[in-house]
Amino acid sequence: MPTTQDMLEKAVAATGLEDFGDDSFREGLRVLLDSLNREARLNAEGERFFYDRIVRYLGQRLQVEDWYRRHPEIDDVPIVGPLIGIGLPRTGSTALSILMAQDPAVRYLRRWESSQPCPPPSTVSGVDPRIPVDKGEMVGTRHHVPVDKHGPMECHELMALDFKSHLFHSFAQIPTYSAWLVNDADLASTFAYQRRVMKLLQWGEPTRPWRLKTPSHVLFLDSLDKIFPDARFVMTHRDPTDVILSVAELYADITGRYTDHIDRPYIGQLNVEHWTLGMHRTMGFRADGKDHRFYDIDFRAMQADPVGQMKGLYGWLGEPVSEEFERRMHAWWTTAAQEREPSRKADPIAFGLDLERIRPAFAQYVTCAERWTAR
């Protein structure tokens, strides 16, 4: 099985570059590779997928550092007051991020640049070769949902450049890495590197406020706050028992491509543990004098009146909703409603889940969410 040194040497050979920047990524890479090699039981497709992806992330790090070496002025690009969507997954946060991206006055992480930020988009003449020819797919459900190839992407790929990302354990059963990520890893370096890449992506473009979204940030808000102390948050809410089973099924769908030995009860327990921890940490973060930095949206309210919810958010931000922004939101929601697949519910028993026994673990969060969304 490949070692850390193997991966580093392949990335250097592929790019002709040698400077990986700060060494913070090395611990995560080591833990990830060890967990993949010992625990993931990858099939042939899984081995190709993971090891190629790891080399690609390392190659992107090399290129990021090379761009900064040649253009140190990139570091002067301001990243001011980003608005970051968080919350449990499957709570309408994807719809929220797409609606926010309809505002022509903002900057968001575009799907085609998230896994390949180099070269900086402003330096590319003509059509950027990273932009897919077709519309693309949102992979991760039994029914793939068509998405805009220019649409927003979560922060997972940028975080993966520091090898501390929820992305990895949604693709493989790697319990050692998963436990290390939420209990022992320091993600300040991860968000610092994400900020570094955001500056590179924005370099040469008009300065615009950033709109980001990643559910797993609920686990790492203290680290996120160190790097983005002026960030504000929009948090989406839904019954956690609806969420856990849906996410577990999603993980099983993805993981099943890369292993022939899916452990569904493990996946169920992993999600219960991580998302209860995430809610506990979020409640603590908000209670520590930071509640005023949050705007809250209930899943049912978003489904009933998405544009109204966005107008409420923008009122809280103190920013106008332009006519073009509102028109684009209505157009996207109408199209999305026509393309949306009917939802299916997995069997909780297959994932070792008793939903009624899960409820008490989220009871304090549910009480808080009712209060937050009532304001």
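Student: At roughly what angle do the axes of helix 2 and helix 3 cross, and within what distance do they come?

Tutor: This is a predicted model, in which local features need pLDDT of at least 70, side-chain atom pairs count only at pLDDT 80 or more, and totals for chains, interfaces and linings use all residues. Residues are numbered from 1 along each chain as its sequence is written, and side-chain values use heavy atoms, with hydrogens and water left out.

The axes of helix 2 (residues 25–39) and helix 3 (residues 44–70) cross at roughly 175° and come within 12 Å. Helix 2 is therefore roughly antiparallel to helix 3 (angles over 145 degrees count as such). Axes here are lines fitted to C-alpha atoms over the stretch in contact, and angles run from 0 to 180 degrees between N-to-C directions. Helices are DSSP runs of H or I, at least four residues, numbered from the N terminus.

On the helix 2 side, the contact (heavy atoms within 4.5 Å) is made by Phe25, Leu29, Leu32, Leu33, Leu36 and Asn37. Helix 3 contributes Phe50, Tyr51, Ile54, Leu58 and Arg61. By class, this contact has 9 nonpolar, 1 polar and 1 charged residues. Ala, Val, Leu, Ile, Met, Phe, Trp, Tyr, Cys and Pro count as nonpolar, Asp, Glu, Lys and Arg as charged, and the others, Gly among them, as polar.

Beyond the pair, 8 of the 9 residues of helix 4 (residues 93–101) are buried, so helix 4 is largely enclosed by the rest of the structure. Buried means under 20% relative accessible area (1.4 Å probe, protein chains only). Among the buried residues of helix 4 are Leu96, Ile98 and Met100. Cys118 is also buried, with a relative accessible area of 2%, and Cys368 counts as buried at 10%.

Terms used: Helices (H or I, at least four residues) and strands (E, at least two) are DSSP runs, numbered from the N terminus. Angles under 35 degrees count as roughly parallel, over 145 as roughly antiparallel, 65 to 115 as roughly perpendicular and the rest as oblique. Buried means under 20% relative accessible area, exposed over 50%, partly exposed in between (1.4 Å probe, protein chains only).
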